[in-house]
Amino acid sequence: MVEVCLICEKNKSGTKLKEGFIINNIRKIKKIFGIAKGNKLVVCDSCMEEYKKRRQNFEKTILLWSILGGILALFIIIPSVLMYNIYEILRSIITAIILIGVLLILVGMVRYIPKLETIPIKKTILPKKKSKKSTKRR
Ligand SMILES: [Zn+2]
């Protein structure tokens, strides 16, 4: 697989990005439309600062939208609670969950910045054993 930087979109090697749920789904959608490039997403060294900024922004955006979604949910649910109608309450809760889900997916898809695969906090250096099962037959 070709390594491509997420930020500058150049063909560079760098720190790998965690390809979670969203990236996998974007890839699936791209495959359906036949526009998948099959690239491995990385962040090159010169873009690391920019990446950190964008990741931070992304986390803030998600947090903000979660809070907004929560407020929105209250506005949907509270009136039904005041009606003392269990069906109305259930209906409004489901509506709120779907609405917030869709909202977060949309926000996440548009501005998605994945995490780095290697978490730099843990600095335990494990000796890399090349423990590949030797399938070489001589
Ligand atoms: Zn780059």
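**Note on the predicted model: loops, sheet, core and helix pair**

1. Y84 sits in the loop that joins α2 (48-82) to α3 (86-110). The model is a predicted one, and this applies to every point below. Although Y84 is not a glycine, its phi is positive, at about 55°. Is Y84 buried or exposed? Y84 has 8 other C-beta atoms within 10 Å, so it is exposed; the limit for that class is 12 or fewer.

2. For a reader new to the chain, the overall layout comes next. The secondary structure consists of three helices and three strands. Read from the N terminus, the order of the elements is β-β-α-β-α-α. The chain has 138 residues, of which 8% count as buried. Among contacts with a separation of 6 or more, 77% are between residues 24 or more positions apart.

3. The three strands make an open sheet with mixed pairing, and their order in it is β1-β3-β2. β1 (2-5) and β2 (15-16) are at the edges, and each has a single partner strand, so one side of each lacks a neighbour in the sheet. In which sense do β1 and β3 pair? Their pairing is parallel and runs over four bridges, with β3 covering residues 39-43.

4. The loop between β1 and β2 contains E9. Like Y84, which has a positive phi without being a glycine, E9 is a residue other than glycine with a positive phi, here near 60°. E9 counts as exposed because it has 11 C-beta neighbours inside 10 Å.

5. Which residues make up the largest nonpolar core? That core has eight residues: C5, L6, L17, V42, V43, C44, C47 and Y51. As background, nonpolar side chains in soluble globular proteins tend to be buried together. C5 is one of the core residues. Leaving out residues up to four places away in sequence, C5 touches K10, K12, G14, V42, V43, C44 and C47.

6. D45 is placed in the loop between β3 and α2. D45 and C5 are 40 residues apart in sequence, while their C-alpha atoms are 9.4 Å apart in space. D45 has 12 C-beta neighbours inside 10 Å, so it counts as exposed. The limit for this class is 12 or fewer, which means that a count of 12 still falls within it.

7. Helices α2 and α3 pack against each other at an angle of about 165°, and their axes are 9 Å apart. The two helices are therefore roughly antiparallel, since the cut-off for that term is an angle over 145 degrees. Their crossing is right-handed. On the α2 side the contacting residues include T61, W65, G69, I76 and V81, and on the α3 side they include E88, I93, L99, L103 and V107.

8. L103 belongs to α3 and, apart from neighbours within four places in sequence, is in contact with W65 and G69. Both W65 and G69 are in α2. The C-alpha atoms of L103 and S66 are separated by 9.0 Å, with the two residues 37 apart along the chain. How exposed is L103, and why? L103 counts as partly exposed because 15 C-beta neighbours lie inside 10 Å; this class falls between the limits of 12 or fewer for exposed and 20 or more for buried.

Terms used. Residues numbered from 1 in each chain as written. Predicted model: local features only at pLDDT ≥ 70, side-chain atom pairs only at ≥ 80, totals over all residues. Pairing = 2+ DSSP bridges. Core = buried A, V, L, I, M, F, W, Y, C linked by C-beta atoms within 7 Å. Contact = placed C-beta atoms within 7 Å. Axes fitted to C-alpha atoms, helices over the stretch in contact; angles between N-to-C directions. Parallel < 35°, antiparallel > 145°, perpendicular 65-115°, else oblique. Left-handed = near helix turned anticlockwise from the far one by under 90°.
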